[in-house]
Amino acid sequence: MAKDLFVTLDLNLLKTFLILSQELNMRKASERLLVSQPAISQALQKLRNHFDDELFIKVHHGLKATPFSEELAENIQPYLDGLSSILNRSENFQPSELQNTLKIALAPQVLSCLSGALFHAIKEQAPNVELQLFNWSSSTFDDLIKGRLDIAINYEYDKVSKELITHNLMTVTGCVIIRNDHPIQKKIATPYDFKGYELASLIIPGWNDNKSLASEVLRDLNIDHKVGFRSELPMALIDVVQHTDMYFPSTSLFPLHQYSRLRRIDLALNDVPLNYPIHSYYHQRHKKNPLHNWLNQLITDLLLKAHHKSSYQESQPNQK
């Protein structure tokens, strides 16, 4: 009779197997599982003996999964995700009882207006949580899939892994940020008004690394322009704009109330969409997790508050 691979398997080994499948690196797997590398090696040897397959082969940069290992990981992942969702579900979820670490990645334009407020809101409702905020990077989606991040916030992406949930939080409107005494004095302008001025563009890793969306709009309108400065750091752009005639394409989320030397110009474009949805991204296994429902609502409330505050500031006359 053939060996029953399920009955004779130590199910604790499956978690190690899946982490190894995701990381393909013994050191990284040991760090995620909070065990030593020898313990990972021992678990892997047990798995190899159980399945009579090498599972992972050493290569120059780490490990490479065998075909059997790739198929096994793909087949068992949905079941363990479902189990994780069930175990993490609670009808009596209370943020004040949380004692874990929350790891959240924020796109630069969100981080600049939300980081402080998010810290204080989470500490107020979940005082025992350790909050870790990260800049959005080109590896953020992979970090969500592999469990290195809990949730991430950014604009809408055209292509997102089926393993991730995309949840709409709110929609912001495009605008332009300039210094108070900029030659353009209009409150509402068209792209043609900015002809001759250099563009300062925010880089959002994985979203617009090699292009400026504002530059593409200007190119489509046949407006001569030049990208004078790009950076992943909002503060770098703000500093440049405060001291030059450059303009910074941004959104109504920009915390204008924090910068007395800057003002906002709204845009009038008949045929160009200016609405940009802000989304949260997280793994499918957290679909019914009350922790993520709480985070989505908390971040939505903070974004709306920041948006309203910025809009109110813009409606007030400049204080000389």
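Which residues make a nonpolar surface patch of about 340 Å²? The patch is made by F6, V7 and L11. The structure described here is a predicted model, in which local features need pLDDT of at least 70 and side-chain atom pairs count only at pLDDT 80 or more, while totals for chains, interfaces and linings use all residues. Residues are numbered from 1 along each chain as its sequence is written, and side-chain values use heavy atoms, with hydrogens and water left out.

**Overall architecture**

- The chain has nine helices and twelve strands; helices (H or I, at least four residues) and strands (E, at least two) are DSSP runs, numbered from the N terminus.
- Taken along the principal axes, the C-alpha atoms of the chain fill a box of roughly 85 × 45 × 35 Å.
- Of the 320 residues in the chain, 45% are buried; buried means under 20% relative accessible area, exposed over 50%, and partly exposed in between, with a 1.4 Å probe and protein chains only.
- The chain exposes about 17,700 Å², and carbon and sulfur atoms supply 51% of this area; accessible areas come from the Shrake-Rupley method with a 1.4 Å probe, and for residues only the protein chains shown count as cover.
- Among contacts (heavy atoms within 4.5 Å) between residues at least 6 apart in sequence, 75% join residues at least 24 apart.

**The segment before helix 1**

- V7, a member of the surface patch, is found in the segment before helix 1 (12-23).
- V7 counts as exposed because its relative accessibility is 62%.
- Patches of this kind are made of residues with over 30% relative accessible area and no salt bridge; nonpolar side chains (Val, Leu, Ile, Met, Phe, Trp, Tyr) are joined within 5 Å, and like charges within 9 Å.
- L5 also has its place in the segment before helix 1, and L5 counts as partly exposed at 38% relative accessibility.
- Not counting residues up to four places away in sequence, L5 touches H50 and F51.

- In soluble globular proteins, nonpolar side chains tend to be buried together.
- The largest nonpolar core has 58 residues, of which L118, I122, W294 and L303 touch the most other members. Helix 9 (residues 290-315) gives the largest share of this core, eight residues.
- A nonpolar core is a set of buried Ala, Val, Leu, Ile, Met, Phe, Trp, Tyr and Cys residues joined through side-chain atoms within 4.5 Å.
- When residues up to four places away in sequence are not counted, I122 touches L102, I104, P127, V129, L131, W294, L295 and L298.
- A second, separate core holds 22 residues, including M26, L47, L72 and I76.

**Strand 5 and its partners**

- Strand 5 (residues 151-155) is largely enclosed by the rest of the structure, because five of its five residues are buried.
- Strand 3 (residues 101-106) and strand 5 run parallel and are joined by three bridges; two strands pair if DSSP finds at least two bridges between them.
- A105 stands opposite A152 in strand 5.
- Strand 5 and strand 12 (residues 275-283) run antiparallel and are joined by four bridges.
- The bridge partner of N154 in strand 12 is H279.

**Salt bridges**

- The count comes to twelve salt bridges, each a side-chain nitrogen of Lys or Arg within 4 Å of a carboxyl oxygen of Asp or Glu.
- R179 and D181 meet through their side chains in a salt bridge of 2.4 Å, N to O. R179 counts as buried at 15% relative accessibility, whereas D181 is exposed with a relative accessible area of 55%.
- K186 forms a salt bridge with D193, with the closest N and O atoms 2.9 Å apart. K186 is partly exposed at 43%, and D193 is partly exposed at 24%.
- In the salt bridge between R148 and D142, the closest N and O atoms are 3.5 Å apart. R148 is partly exposed with a relative accessible area of 27%, and D142 is partly exposed at 31%.
- A network of salt bridges links E23, R32, D142, D143, K146 and R148.
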